[in-house]
Amino acid sequence: AAEQPAPPAPKVNKPVVKKPVVTPPSDEIEYRVQIGSFSKGLPSYVQRLYDKLSKFRKIDHYTDDKGVVVYTVGKLSDYHAAVNLKKQLRQEGASDAFVVAYKNGERIKVSDALKIQKGK
């Protein structure tokens, strides 16, 4: 008896999974800890501190509209988590660290950010 080829496997139509389009909310609040801002480059002692900190943390920086380079750590949605990060950074040598808030990437007062979040 000749072997018959196996019948082809039935075709299974896989459902098309549509990824939801994520549009950021219009009042997205983000807390960061600012560890410094400099208009004329980093002093060498600050560069050494940032080199040390960057081994454990990601340091972000941007230039504001006045040409000042602002250095921040963290992108948090919770204010209390940002306060804890500020305390840790101060213990690690960033003695001037303080919490700053951003709404849709624009810097705003922390008090305004807290009011916005409270209103949710």
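Predicted model: local features only at pLDDT ≥ 70, side-chain atom pairs only at ≥ 80, totals over all residues.

Before anything else, a cut-off I'll need: I call a residue buried under 20% relative accessible area, exposed over 50%, and partly exposed in between.

**Entry 1: charged pairs**

How many salt bridges does a search of the whole structure find? I got three.

I started with Glu30 and Arg32, whose side chains meet at 2.7 Å, N to O. Glu30 comes out at 22% relative accessible area, so I put it down as partly exposed. Arg32 has 12%, so that one goes down as buried.

Next I looked at Glu92 and Arg57, a salt bridge with 2.7 Å from N to O. Glu92 sits in the loop between helix 2 (79–91) and strand 4, while Arg57 sits in the loop between helix 1 (44–53) and strand 2 (59–63), so this pair ties together parts that are 35 residues apart in sequence. Glu92 is partly exposed, at 27%.

Then came Lys58 with Asp60, where the closest N and O atoms are 2.4 Å apart. Buried or exposed, I wondered about Lys58? It is exposed, at 62% relative accessibility.

**Entry 2: strands**

I followed strand 4 (residues 98–103) to its partners. Strand 1 (residues 29–38) runs antiparallel to strand 4, and six bridges join them. In that pairing I found Val33 opposite Val99.

Strand 4 also pairs antiparallel with strand 5 (residues 106–108), through three bridges. Here Ala101 faces Ile108. The two strands make a hairpin with two residues between them, and Asn104 in the turn has a positive phi of about 50 degrees.

**Entry 3: cores**

Which residues touch the most other members of the largest nonpolar core? I noted Ile35, Tyr50, Leu53, Ile59, Tyr71, Leu89 and Ala94, out of 15 residues in that core. Strand 1, helix 1, strand 3 (69–76) and helix 2 each supply at least two of the core's residues. Helix 1 gives the largest share, four residues.

Leaving aside neighbours within four places in sequence, Leu89 is in contact with Val33, Ile35, Leu53, Arg57, Val73, Ala94 and Ala97. I noticed that Arg57, on that list, is also the salt-bridge partner of Glu92.

Ala101 is already in my strand entry, opposite Ile108.

Notes
Residues numbered from 1 in each chain as written. Heavy atoms only, no water. Pairing = 2+ DSSP bridges. Salt bridge = Lys/Arg side-chain N within 4 Å of Asp/Glu carboxyl O. Buried < 20%, exposed > 50% of the residue type's maximum accessible area, 1.4 Å probe, protein only. Core = buried A, V, L, I, M, F, W, Y, C linked by side-chain atoms within 4.5 Å. Contact = heavy atoms within 4.5 Å.
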